[in-house]
Amino acid sequence: MKHVLAFIFVIVVGGMIIYALQSNDQFTQYGDNDPRQTTSDAYINRDVRDTNQDVIFGESDDLESAPANTVTAIVADYRSFDTLGEITVLFISSLGVALLLGGVNKKRMALNYTPNFMLRVGSRALFGIILMTGIFIAVHGHLTPGGGFPGGTMIASSVLLLYLADDQFRTKVTGFKLLESFAGMTYVIIGLVGLFIGGYFLENFLPTGTLGNLFSAGIIPIIYVLIGLKVGSEITGIIDNFLTEEAL
Amino acid sequence: MLQYAAIILFMIGLYGLLTQRHVIKIIISLNILEMGLNIFIVSVGYFEGGLAPIFTSTNNTNALAFVDPLPQALVLTAIVIGVGTTALGLALARKIYAEYGTLNLDEMGEE
Amino acid sequence: MINVFEIAVSGLLIVLAFVALNSKSLIKSVMLLSGISMLTVVAFVMLKAPDVAVTEAVIGSGLVTSLFVFTLLSFRKTGEIE
């Protein structure tokens, strides 16, 4: 009976969504969207302040927001304050996991298998490669797909590999806590410096350079690397808490 | 086509959330619902023949037809928040198991 | 124009989601969730969102699956549960 009611409810909700999409002048059909009619036009042309500059890869100087990746321009520049809130949410959830699962009398969860020599050595070698890939993706976030969020998660994944390959391994959790606090504090300090120099919180106060160079876009690569470090250390803390159990 | 798939994925997740009685299955339903919503939000900004919103040496001016970058930026952060909520839910599930000895919602509080 | 790949990915997504919710074994559900995540990456690439695709590939298929598996391992150790 309950299943039938749930089924009817779900069908009604889905039907309402599809009906609302079909007969709506404000909401375009799938495949017919035109970003030039919406706010995104200003983001693509980089003229939120009505600068009316041409954006050309490798040539345009001194744009108001200069990462070649438009998604990065939105995440780390136009809506940077929003991103600060998002990584705070992630911090609070990692704090909640630590509160529920962490503690003083905890030991490493035994995985009930002993890794052999090849697995240990191979995972040590792979650890460096995955870590470097994560850092590369975080540093090049303003030029290529990726950025701080996947880069930080890759850093955490490389630590996860070490956890799986060694039965007794535990990271220095205090070090990661320090790294996380440092990254979060630097983010806020950069925002405050922008407030004093430019008049807005998280104002881009460094020269933006040429679109497409590695050293361009002002504070955006710095902020994205800080986001990567913060996300990586938070997720490493979550993994460490999940791989502990009560000491008997 | 992918938009309708996203809506159906959302419906499947909602149905699982309403009918499943196992805590882990409920978290899995929540994940499926979230993936459906993410695909739906990204599909809102898509149009036929659009380019990925990244300037490269071949797609090099702003006069080209790029897809809408704003939904992608919203979804990028939403995915990372999803990991946080999933981890918190799984930690709560472990605490529930330590407290009640079961993960089935119907068997809780009977002993 | 009807794209064959889009239809295939959509159908597989729906079928896998249905099977993941109705599977008896928990570990099978988790693995199917990882598969759904992989198909979501393909969908994001089709929708021209490479940033989101990279993020989902790292998080959905690697990290979330490992968190689920660790949780199931802790249940296996404290008591038998299917």
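The model is predicted, so local features are reported at a pLDDT of at least 70 and side-chain atom pairs at 80 or more, while totals for chains, interfaces and linings use all residues. Residues are numbered from 1 along each chain as its sequence is written, chains are lettered from A and ligands numbered from 1 in the order in which they are written, and side-chain values use heavy atoms, leaving out hydrogens and water.

Chain B is built from 3 helices and 0 strands; helices (H or I, at least four residues) and strands (E, at least two) are DSSP runs, numbered from the N terminus. Its C-alpha atoms take up a box of roughly 70 × 25 × 15 Å along the principal axes. The radius of gyration of chain B is 20 Å, whereas a compact globule of 111 residues would come out near 13 Å; this radius is taken over C-alpha atoms, and the globule rule is 2.2 Å times the number of residues to the power 0.38. Even so, 59% of the 111 residues in chain B are buried. Here buried means under 20% relative accessible area, exposed over 50%, and partly exposed in between (1.4 Å probe, protein chains only).

Over in chain C, helix α1 covers residues 4-22 and spans 27 Å from its first C-alpha to its last, close to the expected 27 Å. That expectation is 1.5 Å times one less than the number of residues. Buried residues of α1(C) include C:V9, C:L13, C:L16 and C:A20. Looking down the axis, the buried residues of α1(C) sit within an arc of 140 degrees, so they line one face of the helix; the arc is that of the directions from the helix axis to the C-beta atoms. On the other side, C:V4 and C:F18 are exposed. What do the buried residues of α1(C) pack against? Their partners are α1 (2-19) and α2 (23-44) of chain B, together with α2 (26-46) of chain C, where a contact means heavy atoms within 4.5 Å.

Finally, the backbone angles. A:R46 is not a glycine, yet has a positive phi of about 55 degrees. A:R46 belongs to the loop between α2 (40-45) and α3 (70-78) of chain A, and is buried at 1% relative accessible area. C:K48, also not a glycine, has a positive phi near 60 degrees. C:K48 lies in the loop between α2 and α3 (50-78) of chain C and is partly exposed, at 29% relative accessibility.
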